[in-house]
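Subject: Handing over a structure

Dear colleague,

I am passing this structure on to you, and below it I have set out what I found. Please have the structure open while you read.

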Amino acid sequence: MMAVVLAEPFRVEVRNVATPAAEDLAPGGAIVKVTLAGLCGSDLHVYRGSEPVPPGVVTMGHGFVGTVFACRDITGKDASSAIRVESIVVAPFTTSCLRCVACQRGFTSRCGKSKLFGSVSLSGGQAEFVTVPNAEGTLLCVDTLHNSIWSPQRALNEASPVQALEVPVLTFAIVGLGPVGTCALVSLLDVLLNPTAAPLRLPNNSLVETRRIRILMSDGVKERRDAAVGIVDCIRKTEGPAFFKNAEFLAMDIDEAHAWSVAQGDNNRADAVVEAVGANEAVLLAYGLLRSFGVLSSVGVHTAPTFPLTGDDFYNKNVALSFGRCPVRGILPLVLETLGRRQDIFAKISSQESDGIGLIDRIVDMGEATEMYKQFNDRKVGKVLFQF
């Protein structure tokens with residue numbers, strides 16, 4: 001089969017590799033025939049060599065959808081999976097068992113049997129076929145029913161919701177407007193527009209009807225800031241003139257965001273900040289934008305050997321700090337609800353739209369992987385899907 005393989009740092013190649021065989025599956029495993037595989041910002045850590053792996057060994061990619069080609073000893077006990085041959089499935093970027101303590105708590109990304117797709121321990125999804133251990137606990141059947149909603153959900157749930165959501169002005173900031181930051185923006189807007197639904201489950205819609213909402217969107221790339229503003233405008237058109245009638249949206253470059261932070265008093269800064277970059281500079285900016293007793297929710301993959309803040313920094317601001325890998329399998333049903341409601345954004349291919357609005361930039365043949373990785377690394381393209 002053909003697969004995207006890391007040849008060396010800053011170069012991937014499409015190579016012919018061994019096709020997974022059904023007879024080699026462990027009990028509970030499955031083989032998925034991939035339809036679409038995403039190129040993610042986290043793939044760049046391997047691509048750039050900041051997560052060293054042996055050259056020519058790793059099949060890239062940890063986000064894919066496809067159909068089950070083969071499976072072995074699937075129990076059928078998990079009704080949300082119902083894995084069977086020809087099931088249409090979506091995979092998170094780690095495997096999970098759904099039976100251990102971490103999984104039972106919903107923290108599937110820290111399953112005791114977890115493996116990361118696109119690593120030395122498990123071949124990734126940018127291939128024609130991919131082996132999935134613990135398939136019933138990992139895959140979600142979308143024919144029985146997406147890092148995005150997780151960060152705003154954490155930010156909202158951990159900010160003492162009863163008290164924090166009653167203040168006259170509720171301020172959020174998103175640092176980094178790549179695919180993850182953009183998803184966070186859309187998910188945040190969707191959560192605020194549907195406060196009686198999960199995850200907030202508030203008793204009424206007064207959250208956006210009786211108070212000001214302020215959302216800061218910061219990125220060093222102008223095209224990303226423009227796209228974020230366009231997404232807000234698109235949702236405003238969908239929702240109608242009452243959409244966040246008291247809302248304020250501020251798109252800022254890095255210097256402007258720093259200046260905004262300096263100009264504000266502590267109580268006028270953000271109640272919650274989503275850091276969606278995974279770089280020390282982004283963490284420092286997020287910390288500066290945050291008020292005392294605010295929530296810093298980081299979903300970026302941090303590979304720097306040092307961290308720019310100290311315990312004293314967090315103590316002096318009473319920061320609620322939340323870092324780490326999203327438990328994708330645990331929240332996928334909730335993500336799919338957001339996906340369904342926000343087809344005005346998620347159903348569009350931005351390169352095919354006259355207004356350039358859409359989460360996905362383009363869908364390309366796997367044969368273009370070498371060039372797409374280069375352009376994605378250089379921020380010349382947005383979210384890319386490989387088609388098989």
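Leaving aside its neighbours within four places in sequence, which residues is Ile 215 in contact with? With contact meaning heavy atoms within 4.5 Å, they are Phe 172, Leu 185, Leu 188, Leu 189, Leu 192, Glu 248, Phe 249 and Leu 250.

Before going further, please note that this is a predicted model, in which local features need pLDDT of at least 70 and side-chain atom pairs count only at pLDDT 80 or more, while totals for chains, interfaces and linings use all residues. Residues are numbered from 1 along each chain as its sequence is written, and side-chain values use heavy atoms, with hydrogens and water left out.

Ile 215 and Leu 192 are the residues with the most contacts inside the largest nonpolar core, which has 39 residues. A nonpolar core here is a set of buried Ala, Val, Leu, Ile, Met, Phe, Trp, Tyr and Cys residues joined through side-chain atoms within 4.5 Å, where buried means under 20% relative accessible area, exposed over 50%, and partly exposed in between (1.4 Å probe, protein chains only). Helix α6 gives the most to this core, with 9 residues; helices (H or I, at least four residues) and strands (E, at least two) are DSSP runs, numbered from the N terminus. Apart from this core lies another, of 19 residues, among them Val 283, Tyr 287, Leu 289 and Phe 314.

Turning to the sheet, you will find that it is open, with 6 strands in the order β10-β9-β8-β11-β12-β13 and parallel pairing, two strands being paired if DSSP finds at least two bridges between them. Its edge strands, β10 (247-252) and β13 (320-323), each pair on one side only. Strands β8 (residues 169-175) and β11 (residues 270-275) run parallel and are joined by 4 bridges, and Ala 173 has Val 273 in β11 as its bridge partner. Helix α6 (residues 179-193) packs on the sheet, touching β8, β9 (212-218), β10 and β11, and its direction makes about 175 degrees with that of β9; axes are lines fitted to C-alpha atoms, for helices over the stretch in contact, and angles run from 0 to 180 degrees between N-to-C directions.

Finally, the count of disulfides, each a pair of cysteine sulfur atoms within 2.5 Å, comes to 0. For Cys 71, the nearest cysteine sulfur, that of Cys 141, is 9.8 Å away. The sulfur of Cys 326 is 11 Å from the closest cysteine sulfur, in Cys 183, and so too far for a bond.

With best wishes
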